[in-house]
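I opened this model to look up its sheet, its helix packing and its aromatic rings. My notes follow the order of the look-ups.

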Amino acid sequence: MSDEITQAFDHPSERAKATAGDVPRDRISMTDHVREVEIGAFQAERGVTQKIRFDVVVEVETRAEQAIDDVDRILSYDTIVEAIDAALHAERVNLLETLAARIADGIIEHPLAARAFVRIGKLDRGPYTLGVEIVRTPPQGRRRLRLLADAAPHPVVVFLSNAAVARPDLSALLDRLEDLDAPLILCVDTPDLEQPVADHAMPQRRIALLAIEQQAWVLAARDPRCVVVDSRTELDWAMKQGQISVWAPSKLVLDAVDGPGAQVTEPLALTQWLAEAFEARSLLMFGADNAQSFAADALPSLAQITQDA
């Protein structure tokens with residue numbers, strides 16, 4: 001059997017290896033991912049689901065020995081799953097080729113994706129697998145900073161003062177916030193404790209950010225639904241899972257290219273920056289001197305909650 005035929009029937013990773021260029025690249029893969037999907041051009045395929053198997057290999061523009069152990073600076077496996085979910089939820093499709101192309105296009109929008117190999121097979125059409133395999137590379141000039149940004153969740157960002165964190169009815173307040181049916185990111189104030197003083201601005205900034213993170217852990221200890229999160233990738237994932245996130249700001253602020261400014265450590269200003277960065281649908285403040293609700297016209301219930309706080 002020729003190498004070309006072998007590549008056609010082997011896993012997409014073998015095709016990726018065989019067609020690799022002079023520049024070595026790392027690869028991530030997902031194999032044997034089976035979903036129930038309504039797909040097909042025939043009338044008999046409408047109104048019913050079929051088992052579809054996805055095998056995906058992505059070549060990434062990085063080297064393992066140069067990589068930083070940082071989930072925000074890699075192409076994660078969630079990128080593959082999100083691309084599949086987005087393609088399946090967009091609309092019903094007739095052809096495997098269309099579905100594969102949409103998945104591959106979603107993956108290669110990631111800044112680190114160099115090539116995407118997508119193989120899809122129908123498992124229920126007979127004692128065999130009917131499938132298609134495609135490979136895509138990103139066109140020049142089309143790279144987005146956030147995968148599938150148009151479909152990204154728009155959270156409600158909530159600032160809680162120290163007094164709000166200590167409220168005896170905090171759990172009841174979180175219940176009401178969850179009723180808004182939107183992803184929640186909670187931000188906190190600097191704790192009422194004396195901070196160490198450093199001789200230089202950068203160490204002092206880190207001290208101020210870490211102080212906020214201390215209060216984040218205080219909040220997380222008050223209700224088991226609250227999970228302290230520090231990376232953009234984990235925040236994106238938590239929002240899609242319906243998890244209440246408590247923002248620990250150091251990593252995101254210090255890593256951001258378009259951050260809030262080297263001198264900005266005031267918690268309310270950082271909260272506003274986060275809300276803008278994640279295109280929040282609303283920003284609520286509880287216990288702050290200038291407590292107010294943004295975008296209340298779109299969500300009247302948010303205005304009522306702020307008024308009651």
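The entries below go from the whole chain to single residues.

**Ground rules.** I worked on a predicted model, where local features need pLDDT of at least 70, side-chain atom pairs count only at pLDDT 80 or more, and totals for chains, interfaces and linings use all residues. Residues are numbered from 1 along each chain as its sequence is written, and side-chain values use heavy atoms, with hydrogens and water left out.

**Whole chain.** I counted elements first. The protein chain has 11 helices and 9 strands. Here helices (H or I, at least four residues) and strands (E, at least two) are DSSP runs, numbered from the N terminus. Next came burial. Of the 309 residues, 43% count as buried. Buried means under 20% relative accessible area, exposed over 50%, and partly exposed in between, with a 1.4 Å probe and protein chains only. The accessible surface comes to about 16200 Å². Carbon and sulfur atoms hold 51% of that surface. The areas come from the Shrake-Rupley method with a 1.4 Å probe; for residues, only the protein chains shown count as cover. I then checked contacts, meaning heavy atoms within 4.5 Å. Among those between residues at least 6 apart in sequence, 65% join residues at least 24 apart.

**The sheet.** I traced an open sheet of 4 strands, with the order β1-β2-β3-β4 and antiparallel pairing. Two strands pair if DSSP finds at least two bridges between them. The edge strands, β1 (26-37) and β4 (130-136), each pair on one side only. From one strand to the next, the twist averages 10°. Strand β2 (residues 50-60) is joined to β3 (residues 113-122) by 9 bridges. I picked out V57, whose bridge partner in β3 is F117.

**Helices on the sheet.** Helix α3 (residues 77-90) packs on the sheet and touches β1 and β2. Its direction makes about 35° with that of β1. Helix α4 (residues 96-108) also packs on the sheet, touching β2, β3 and β4, with its direction at about 155° to that of β3. For these angles, axes are lines fitted to C-alpha atoms, for helices over the stretch in contact, and angles run from 0 to 180 degrees between N-to-C directions.

**A closer look at α3.** I took its length. The 14 residues of α3 reach 20 Å from first C-alpha to last, close to the 20 Å expected at 1.5 Å a residue. The expected span is 1.5 Å times one less than the number of residues. Its buried residues are T79, I80, E82, A83, I84, A87 and L88. What covers them includes β1, β2, α4 and α8 (232-241).

**Aromatic rings.** Rings of Phe, Tyr and Trp (its six-membered ring) pair if their centres lie within 6.5 Å; planes under 30 degrees apart count as stacked, over 60 as edge-to-face and the rest as tilted. I got 1 aromatic pair by this rule. W247 and W273 form it, tilted, at 6.2 Å centre to centre and 35° between the planes. W247 lies in strand β8 (residues 244-247) and W273 in helix α10 (residues 267-277), so the pair ties together parts 26 residues apart in sequence. W247 is buried at 3% relative accessible area. W273 is buried too, at 13%.

D32 is not a glycine, yet has a positive phi of about 55°. I found D32 in strand β1. D32 counts as exposed, at 53% relative accessibility. E279, also a residue other than glycine, has a positive phi near 50°. E279 sits in the loop between α10 and β9 (282-286). At 46% relative accessibility, E279 counts as partly exposed.
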